[in-house]
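Trainee: Could you take me through the aromatic part of this protein, slowly and in detail? I'd like to see how it ties in with whatever surrounds it.

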Amino acid sequence: MDSAADHIFHSQSASLALQKAMCELADATGRALKDLEGITLGVAFDLAVEAHGDELPDFWVIWNEWNLSLEEPPAEMGDL
């Protein structure tokens, strides 16, 4: 299974929240939204960190926390 960071951005299938975050990222980095088509969300996150530093938008803060939580191994099932 690919990580969330490996997910490729496609504006036509992205959620409204992701579309908004990517539009804001395009503005912050001096790019057009079409220039971000096909990049991974991991690359987008890195661009957001580079563009915003400590003022990272909430979307990317939450996305990163969620992404990191997916990397944890699943808990043991225990006795069934």
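Mentor: With that, the elements of the protein run α-α-α-α from the N terminus on, and the tally is 4 helices and 0 strands. Bear in mind that this is a predicted model, where local features need pLDDT of at least 70 and side-chain atom pairs count only at pLDDT 80 or more, while totals for chains, interfaces and linings use all residues. Residues are numbered from 1 along each chain as its sequence is written, and side-chain values use heavy atoms, with hydrogens and water left out.

Now the rings. A pair of aromatic rings is described by the distance of the centres and the angle of the planes. Here, rings of Phe, Tyr and Trp (its six-membered ring) pair if their centres lie within 6.5 Å; planes under 30 degrees apart count as stacked, over 60 as edge-to-face and the rest as tilted. That rule gives 4 aromatic pairs. Take Phe-45 and Trp-60: their ring centres are 6.4 Å apart and their planes sit at 55°, so this pair is tilted. It links distant parts of the chain, with Phe-45 in helix H3 (residues 41-52) and Trp-60 in helix H4 (residues 58-70), 15 residues apart. Trp-60 also pairs with Trp-63, this time edge-to-face, at 5.8 Å centre to centre and 70° between the planes. Those two tryptophans both lie in helix H4, 3 residues apart, about one turn of the helix. Phe-45, Phe-59, Trp-60 and Trp-63 form one aromatic cluster.

How hidden are they? Buried means under 20% relative accessible area, exposed over 50%, partly exposed in between (1.4 Å probe, protein chains only). Trp-60 counts as buried because its relative accessibility is 2%, and Trp-63, at 8%, counts as buried too. Phe-45 is buried as well. Across the protein, buried residues make up 28% of the 80 residues.

Next, the core. A nonpolar core is a set of buried Ala, Val, Leu, Ile, Met, Phe, Trp, Tyr and Cys residues joined through side-chain atoms within 4.5 Å. The largest one has 19 residues, and Met-22, Leu-25, Leu-36, Trp-60 and Trp-63 have the most contacts inside it. Helix H1 (16-28), H3 and H4 are the elements that give two or more residues to this core. Counting contact as heavy atoms within 4.5 Å, and leaving out residues up to four places away in sequence, Met-22 touches Phe-9, Leu-33, Leu-36, Ile-39, Ala-44 and Trp-60.
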